[in-house]
Amino acid sequence: MFDLREFILRGLKDAVGKMADYQVILNAAGWLEKGVLTEADLATVQAAIDGAAQ
């Protein structure tokens, strides 16, 4: 079954390193505001950004 949350989260993690960090962050924040992602999901995205920076 299709899971919108997982779909968006996968897309955001795939965007890390391909888009500017601020764009990924603002995009993730928009999905949080819509209730699709949780703060834990945003922490996962931030961890991916941090890992890509190393």
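F7 is partly exposed because its relative accessible area is 41%, where partly exposed lies between buried, under 20%, and exposed, over 50% (1.4 Å probe, protein chains only). This is a predicted model, in which local features need pLDDT of at least 70 and side-chain atom pairs count only at pLDDT 80 or more, while totals for chains, interfaces and linings use all residues. Residues are numbered from 1 along each chain as its sequence is written, and side-chain values use heavy atoms, with hydrogens and water left out.

F7 lies in helix 1, residues 4-15, helices being DSSP runs of H or I with at least four residues, numbered from the N terminus. F2 is exposed, with a relative accessible area of 58%. There is one aromatic pair, and F2 and F7 form it as a tilted pair, with 5.4 Å from centre to centre and 55° between the planes; rings of Phe, Tyr and Trp (its six-membered ring) pair if their centres lie within 6.5 Å, and planes under 30 degrees apart count as stacked, over 60 as edge-to-face and the rest as tilted.

Elsewhere, the charged end of K34 sits over the ring of W31, 4.7 Å from the ring centre, the rule being NZ of Lys or CZ of Arg within 6 Å of the centre and within 35 degrees of the ring normal.

Conventions. Helices (H or I, at least four residues) and strands (E, at least two) are DSSP runs, numbered from the N terminus.
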